[in-house]
Structure formats: C-alpha cells, structure tokens
Amino acid sequence: MDLLPEELLADILRHLPPRPIAVCRTVSKGLRAVIDSRGLLLRGLRGIFINCVGQDEPYFFSRPERVAPRVDAGLRFLPDIGWREAVHHCNGLLLVQDWEKLYVCNPTTQRWAQLPPRCKGFGDAEHHVFDPTVSLHYEVIAFAEAPRKPKIPIQPDIQRPSWHERCRYYTQEEIQNLPSALRAKYDREAEIKGLAEWPPSSYAARVFSSKSGRWDERVYVREDDVTVTLTDVWSDPWWVESETLTYHAPRCNAVCWRGAFYIHCRGGFIIRLSPQEHKYQVIKTPRLDNIFTPPRLDADDYLRQEEPYWDKEACLAEFEMDQELLNNRKPSMHLGKSEHGIYYTALGWHQLRVWVLHEASDSNPILEWELKHKTDIKPSFLQHYLRKDRKKAKKSWSLDRGTEGSDDRIDYGWDSSDYGVTNVEREDDEYDDDDRYCDMRDDMDFLGYHPSKEIAFLGNGFDGFAYYLGTSKLQYLGTFFPVGCCHSQVAATHESFIYTPCMDDLLPDNT
C-alpha cells in the first residue's frame with residue numbers, strides 16, 4: 001500500500017466500515033496519518049451542544065458545513081417529547097433525556113434507541129462509553145450515589161415559622177437557633193460518618209449494555225489506596241446539598257482516552273475506569289486553594305457611572321452588594337480531553353488555570369498533574385467588547401437548530417488557526433477606567449476543548465470565543481443566544497458537550 005497515492009488510499013478506506021478502519025490504523029504510522037488527517041474513523045470537531053437554563057431542548061453552536069453529512073442539530077428525529085436535554089457525549093453518540101426516559105442517538109446518522117427504565121438509588125448522573133475503535137456497542141453507566149450528610153430531623157416541640165413548615169429539614173438559619181446540645185449531637189454524627197472513605201473499595205454501578213439490551217449491576221474494584229472522604233464530598237461547593245449552591249449544579253463531565261474512561265466527581269477526584277477489566281483508580285484533582293483573586297470594583301468609578309440615577313448612599317450600598325457577589329462566586333471546574341490527553345480546567349471570574357495529566361510510566365510510576373497554563377483573559381475580552389465595529393464583526397460560528405439557511409455573515413472558512421485574534425498580553429494602561437462598564441459579564445463559561453488542538457472554547461454571556469493556549473490569544477466566533485428568549489438571565493449557559501461525529505453505529509433505524 002506504500003506505493004499507492006494517499007488520495008487513492010483514502011478513497012479505498014472510505015468504503016470500509018469503522019472497525020476494519022480501526023484495525024488498519026494500527027498497522028503503520030502512514031496508514032494512521034491518512035485515516036486521522038481525513039477523519040475517516042472519527043470526524044473532527046463539528047460543534048458544541050449546549051443546555052441553557054429554562055430552555056426545552058439543547059442548542060447547537062457550530063461552524064456551518066456546506067457538505068454532507070448534515071447534523072440534525074434540533075434532534076428532530078427523536079420522538080416529540082416536548083422537553084429534552086443533552087446528558088453526555090462520547091465519540092459521536094449523544095445521551096439525551098426527557099422527564100423520565102433516556103435515549104442514545106447519533107445526530108449524524110439520525111439513528112437512536114430508547115433505554116429501559118432506570119433503577120432508583122443510582123443517581124441521575126449517567127455517562128455512556130462508546131469507542132468505535134474497539135466495538136460499535138456502547139454502555140451507559142450510573143454509579144451509586146454518595147451517602148448524604150446527616151441532618152437534624154424536625155423536632156415536634158420546637159415551633160417553626162409558617163413559611164418553613166413545608167421544609168423537611170431545618171434551614172441553615174433555623175439551625176443556628178436550635179439548642180446547642182441538639183446541634184452538637186448531629187455535628188458529631190456527621191463528623192464520624194464523614195471520615196468514611198469514598199468511593200468504596202468495591203463500587204457498585206448500574207450498567208446498560210447495548211449487547212444485552214438491559215440494565216445489570218456491576219461492581220468495579222479499586223486498584224489502589226487513594227481515596228477521599230465523605231466530608232470532602234459534602235464540602236464540595238457544587239455538591240447537590242451544598243449550603244452555598246443557589247441553583248442546580250451542572251453535571252460532571254466524563255471522557256474516553258486510550259481505552260480508559262475518566263469521570264469527574266464531586267469531592268475533588270476523578271475516577272479512571274478500565275471498562276473491560278471492571279477496575280477503577282482514584283485520581284485526586286489539583287488543589288484550588290487561594291489560586292484565584294476576586295476582582296475589586298472601584299467605588300469612585302462606580303459612583304461616577306451611577307450618579308445620574310441614584311443618590312450616593314443607595315449607590316454605595318449597591319456597590320457593596322455587587323462586590324460581595326463577586327467575592328462569593330465559586331470557581332468552576334471542568335474535565336476534558338485535547339491534544340495531550342486529559343485536561344483539568346478551573347475558572348474563576350476571567351482567570352483560567354489548566355492542568356494536563358501525565359499517566360504513569362516506567363520512568364515515572366505516579367500519576368501527576370502539570371500546570372499547563374494560567375492567565376487572566378479579561379484584557380482580551382475588554383479589547384473585543386470595546387471595539388466600535390464589534391456588532392459588525394464577521395462570525396465563523398452560529399446557533400444551528402437544524403433549520404435551513406444561514407447567516408450571510410458566517411465565515412465557512414474557520415480552520416482553528418489564530419488569524420484575526422486579539423492578544424491577551426496587554427498593559428492595563430491600554431484601556432481606560434470605563435472599560436469595566438462595557439457589555440461584558442464578570443465571569444465566563446467553559447464550553448469545552450478542541451479534541452485535537454489546544455484550543456479552549458469559552459462563553460461570555462452568549463458570545464462564543466476560541467482561546468489558544470499556545471499563543472494566549474482570543475478569537476471571537478459568534479453568538480449562541482437562545483432563539484426566542486427575551487432575557488439572558490432566564491437562559492444562562494448551564495452545560496455543554498463537544499460534538500465529534502461518528503459515521504457508523506449499531507443503533508436501530510427508527511425512520
């Protein structure tokens with residue numbers, strides 16, 4: 001085959017199903033280069049599925065394609081269920097749920113399957129494992145939930161405010177006024193139970209297999225002694241019962257990488273599953289203590305900007321409130337994969353930290369996190385939002401709901417190069433004091449990583465950007481403001497999933 005021109009070889013390989021292509025990919029570096037460069041097995045980045053708060057179906061933010069196959073971004077091939085959201089994506093298959101049902105679907109082939117009802121007690125954080133280089137079958141995994149922190153039951157002899165009577169447990173405000181002996185008793189119980197290690201050495205999960213067509217219980221055995229405690233899980237600011245959580249937390253992501261499955265968990269750890277061996281390993285995530293600095297508002301500038309509308313006393317009170325909201329904002333953490341493997345990302349306001357996981361090897365038998373990148377991207381965001389021609393800027397991505405037509409200003413030639421980007425490395429005196437009052441949020445959303453290049457996709461409000469880790473540059477892509485939504489706070493970005501199409505599957509054709 002070395003004598004064949006690459007184009008002819010690629011044309012021959014295009015006629016093979018995915019599994020033989022995967023076998024050919026292991027034969028030589030030359031075959032692997034031909035297959036990967038032309039996306040013959042797994043296509044490259046196609047777009048990002050985004051769940052927004054209060055919206056009845058996911059949105060698809062993407063670079064429009066003029067060539068087939070077209071992705072049904074609206075998932076209109078699924079049953080008309082009225083409400084749905086993306087739950088997880090893995091190598092071209094999308095896990096979707098409605099109120100009660102789960103579906104596995106391929107937005108490219110438009111094939112799908114409805115899963116049997118789920119078992120209670122295993123949480124609603126399902127992830128699916130699909131690796132077409134190994135098999136076209138898939139699995140959906142749901143692990144047992146971590147035990148909840150003990151709570152003080154309602155005491156019949158203690159009177160409660162009428163507006164709290166429907167609550168099954170005491171509010172944090174009520175707990176402070178309970179008898180000290182009662183509080184001490186349950187604090188002690190929580191302390192003792194919180195010392196238990198988590199996850200357990202034998203970790204139970206419910207697994208749906210497309211081979212068997214049913215849910216079965218499976219036990220994964222821990223390979224080493226690395227664990228966290230239940231106290232670590234309970235103290236996670238995004239834990240489901242966190243006292244600082246003001247809305248439903250986004251799901252933790254999971255990714256496939258070189259035959260292993262990595263699941264981000266609450267409590268500062270990642271599970272590395274070996275699906276074939278039914279074993280797992282705990283990897284602690286990098287510590288985030290004091291790595292972010294809350295931005296400081298300037299009171300004089302705040303007063304100057306608000307002077308036409310408020311008296312000074314009211315304005316100062318609102319200034320203190322805004323500063324407190326900034327100080328109390330929790331950093332967000334994300335697991336993903338890109339050019340060099342597994343990436344762990346932390347965002348605080350406009351500050352970014354990125355770590356890359358180094359797998360164990362003969363020379364280094366310990367898994368290690370390397371801090372790959374750290375920066376404050378606010379200057380580049382400011383540079384974009386202060387441009388006078390910002391609203392006329394050409395877009396390379398758009399919000400695709402599977403309808404015909406496109407924006408005339410969409411640039412179909414986006415190739416993930418850094419042409420036309422703005423540099424993040426700027427001096428503070430390059431913009432004036434009014435910069436803070438431009439149309440820019442106080443923090444940003446992390447949308448995901450390019451699967452093969454060190455590019456992070458970020459959102460500010462509903463504006464999408466590509467941030468290049470290698471050059472510290474920012475590129476505006478376009479807007480993904482939800483169709484028909486009149487207010488950004490009603491539909492804040494909640495969860496997102498990088499989508500890379502797969503051209504084949506074993507899902508039934510329900511058309």
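This is a predicted model: local features need pLDDT of at least 70, side-chain atom pairs count only at pLDDT 80 or more; totals for chains, interfaces and linings use all residues.
Trainee: OK, and which residues of α5 are buried?

Mentor: Leu182, Tyr186, Ala190 and Gly194 are buried in α5, where buried means under 20% relative accessible area, exposed over 50%, and partly exposed in between (1.4 Å probe, protein chains only). They cover an arc of only 95 degrees around the axis, which puts them on the same side of α5; the arc is that of the directions from the helix axis to the C-beta atoms.

Trainee: What do those buried residues of α5 pack against, and which exposed residues sit on the face turned away?

Mentor: They pack against β12 (228–229) and α6 (230–234), with contact taken as heavy atoms within 4.5 Å. The face of α5 turned away from its buried side carries Ser180, Ala181 and Lys185, which are exposed.

Trainee: Switching to α8, which residues are buried there, and which are exposed on the other side?

Mentor: Helix α8, residues 312–328, has 17 residues and reaches 24 Å from its first C-alpha to its last, close to the 24 Å expected at 1.5 Å a residue. Its buried residues are Cys315, Phe319, Gln323 and Leu326. They cover an arc of only 75 degrees around the axis, which puts them on the same side of α8. On the other side, Glu313, Met321, Leu325 and Asn328 are exposed.

Trainee: New topic: where does tryptophan 112 lie, and is it buried or exposed?

Mentor: Tryptophan 112 lies in strand β6, residues 111–114, and is buried, with a relative accessible area of 14%.

Trainee: Which residues does tryptophan 112 touch, leaving out those up to four places away in sequence?

Mentor: Tryptophan 112 touches Phe77, Leu78, Pro79, Tyr103, Val104, Cys105, Leu507, Pro508 and Asn510. Tryptophan 112 and aspartate 509 are 397 residues apart in sequence, yet 6.9 Å apart in space, C-alpha to C-alpha.

Trainee: What about the backbone, say, which residues does a cis peptide bond join?

Mentor: As background, most residues other than glycine have a negative phi, and most peptide bonds are trans. Tryptophan 198 and proline 199 are joined by a cis peptide bond, with omega about 0 degrees, and proline 199 is found in the loop between β9 (197–198) and β10 (202–209).

Trainee: Where are arginine 258 and tryptophan 349 found?

Mentor: Arginine 258, which is not a glycine, has a positive phi of about 50 degrees and is found in the loop between β13 (254–257) and β14 (260–265), where it is exposed, with a relative accessible area of 73%. Tryptophan 349, also a residue other than glycine, has a positive phi near 60 degrees and is found in the loop between β18 (341–348) and β19 (351–358); at 8% relative accessibility, tryptophan 349 counts as buried.

Conventions:
Residues are numbered from 1 along each chain as its sequence is written. Side-chain values use heavy atoms; hydrogens and water are left out. Helices (H or I, at least four residues) and strands (E, at least two) are DSSP runs, numbered from the N terminus. The expected span of a helix is 1.5 Å times one less than its number of residues.
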